[in-house]
Amino acid sequence: MANSIQSVRGFGDVLPVDTPVWQFVEDRLRATLERYGYEEIRLPLLEKTELFSRSIGEVTDIVEKEMYTFEDRNGESLSLRPEGTAGCVRAGIQHGLLHNRQPRLWYAGSMFRHERPQKGRYRQFNQVGVEVFGLPGPDIDAEVILLAARMLRDIGLEDIRLELNTLGTPEARAAYREALVAYLRGYEDRLDDDSRRRLATNPLRILDTKDPDTRALLADAPALADWIDDDSRAHFRELCAMLDRAGVSYTVNPQLVRGLDYYGRTVFEWVTDRLGAQGTVCAGGRYDGLVEQIGGRPTPAIGFALGIERLVALLQDAGAAPAAPAPDVYLVVAGEAAGREALIIAEELRDALPGLRVMTHCGGGGFKSQFRRADRAGARFAVILGEEEAARGEVGLKDLRSGGEQRTLPRAELVTTLQELDMGTAPGTTI
Ligand code: ATP
Ligand code: MG
């Protein structure tokens, strides 16, 4: 098609063949969140740019080069949200949700980052996130991790690795940062370009580098673990003990630092090898300083976000994606009058059997092509309404799976007959 308009790069469509697995993931995640007593919050897609530069950090990749930032018609700088935490904190402060309360919140929705699109990495992507405020202890860290673990389990993903680390207090991190910079300055000419730039801006991010030469240098660098303050160390020890007690397996990864500035103490990620380089499906941590940083009272907080595209990809790659539910009944009609009557029959069936999936034909055509469409839709039964049957108050019923004979019955008996066949009672069949 000449001149047809394509979607924007990195902004994908979710087509009908894929929506069932999306709905499955979203429904399961919501159900698990509700079982823990977390409440949903819905936040805007657009915020003032300053919110993100003040929270995520001026010199992070996200704020430096990945945000969709523009001036609106009033000349105000706005950005599409690249993540959900900042907006959630802003809303919490703005509506007084954090004062003398300890809300446990979750949200779902699209985030926007101008990254290089590839499998598992898009410019519009979806997260389900959790944020808990007002609780400083390792008990809530443990609960949040148990919650994320169960969310992954409940969608059928069992073999994803949990990595944990503690970043200590901001003071401990600052001291470590200096030591790291002092060490790496000695090897500046051997660093990759990104890392050399980060040395001046965001040196802890160098620990995240994928460059093998820089990684080799890091092997002998000062270790963050040696700089962690005693309180943070005790906090982390207690968290680990609680996870051990709950039977959650994890590995402590001293290199795990996370890309956003606001984290302190506990950080964690769930990683899989099955998605290539885009292997992190869930990431989060504690951010005790952030609420104050964007204008609220000091409030401890912890949260995480799951990447929905990556969860969907894992289920699809494993062949575990649920299919679309097929209709139980497809109405096949002969002639215009029967076609109109079929709409009424379909409504009667839907009234009487709330669990029944009924599809009408619409659009005319011969029996043969109608049956073909019924098959393509995966329908279990065809209800057939010919001119004569309609006149006699009868309908035909044919089991499309067994290939058996068509039988004729009074229209008034259609509901009970379908009930006897177990249609419309169970949650329904799938293709
Ligand atoms: P990554 O290391 O993969 O870039 P991140 O550390 O930038 O992830 P967070 O900001 O912590 O990710 O977001 C949490 C989760 O959101 C990630 O673990 C991932 O599953 C998902 N995610 C992040 N960026 C993208 C993206 N561009 N496309 C799809 N999913 C993403
Ligand atoms: Mg990223």
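**Notes on the predicted model: helices, sheet, cores and ring pairs**

1. Helix α12 (residues 336–352) lies across β12 (329–333), β13, β14 and β15, and runs at about 165° to β13. Helix α13 (residues 367–376) also packs on this sheet, where it touches β12, β14 and β15, and its direction makes about 170° with that of β12. Contact here means heavy atoms within 4.5 Å. Axes are lines fitted to C-alpha atoms, for helices over the stretch in contact, with angles from 0 to 180 degrees between N-to-C directions. Helices (H or I, at least four residues) and strands (E, at least two) are DSSP runs numbered from the N terminus.

2. A word on the ground rules. This is a predicted model, so local features need pLDDT of at least 70 and side-chain atom pairs count only at pLDDT 80 or more, while totals for chains, interfaces and linings use all residues. Residues are numbered from 1 along each chain as its sequence is written, chains are lettered from A and ligands numbered from 1 in the order in which they are written, and side-chain values use heavy atoms, with hydrogens and water left out.

3. Now the sheet itself. Its five strands run in the order β13-β12-β14-β15-β16, making an open sheet with mixed pairing. At the edges sit β13 (358–360) and β16 (407–410), each pairing on one side only. From one strand to the next, the twist averages 30°. Strands pair if DSSP finds at least two bridges between them; β14 (residues 381–385) and β15 (residues 394–399) have four, in the antiparallel sense. I384 stands opposite G396 in β15.

4. Next, the rings. The whole structure has eight aromatic pairs. The rule covers rings of Phe, Tyr and Trp (its six-membered ring) with centres within 6.5 Å; planes under 30 degrees apart are stacked, over 60 edge-to-face, and the rest tilted. F133 and Y287 make an edge-to-face pair, because their ring centres are 6.3 Å apart and their planes at 80°. This pair links distant parts of the chain, with F133 in strand β6 (residues 124–133) and Y287 in the loop between β10 (280–286) and α10 (290–293), 154 residues apart. Both F133 and Y287 are buried (under 20% relative accessible area; exposed is over 50%, partly exposed in between, using a 1.4 Å probe and protein chains only).

5. F268 and F304 are also edge-to-face, since their ring centres lie 6.4 Å apart with planes at 65°. F268 is in strand β9 (residues 266–271) and F304 in strand β11 (residues 301–307), 36 residues apart. F268 is buried at 0% relative accessible area, and F304 is buried at 2%. Elsewhere, F11, Y68 and F112 form one aromatic cluster.

6. On to the cores (buried Ala, Val, Leu, Ile, Met, Phe, Trp, Tyr and Cys residues joined through side-chain atoms within 4.5 Å). The largest has 45 residues, and those with the most contacts inside it include F133 and Y287. Helix α6 (residues 170–185) gives the most to this core, with five residues. A second, separate core of 44 residues includes V25, A148, L162 and L314. Setting aside neighbours within four places in sequence, Y287 has contacts that include V89, F133, Y262 and Y263.

7. Last, the cysteines. There are zero disulfides (sulfur pairs within 2.5 Å). For C282, the nearest cysteine sulfur is that of C88, 15 Å away. C282 is buried at 1% relative accessible area, whereas C362 is partly exposed at 47%.
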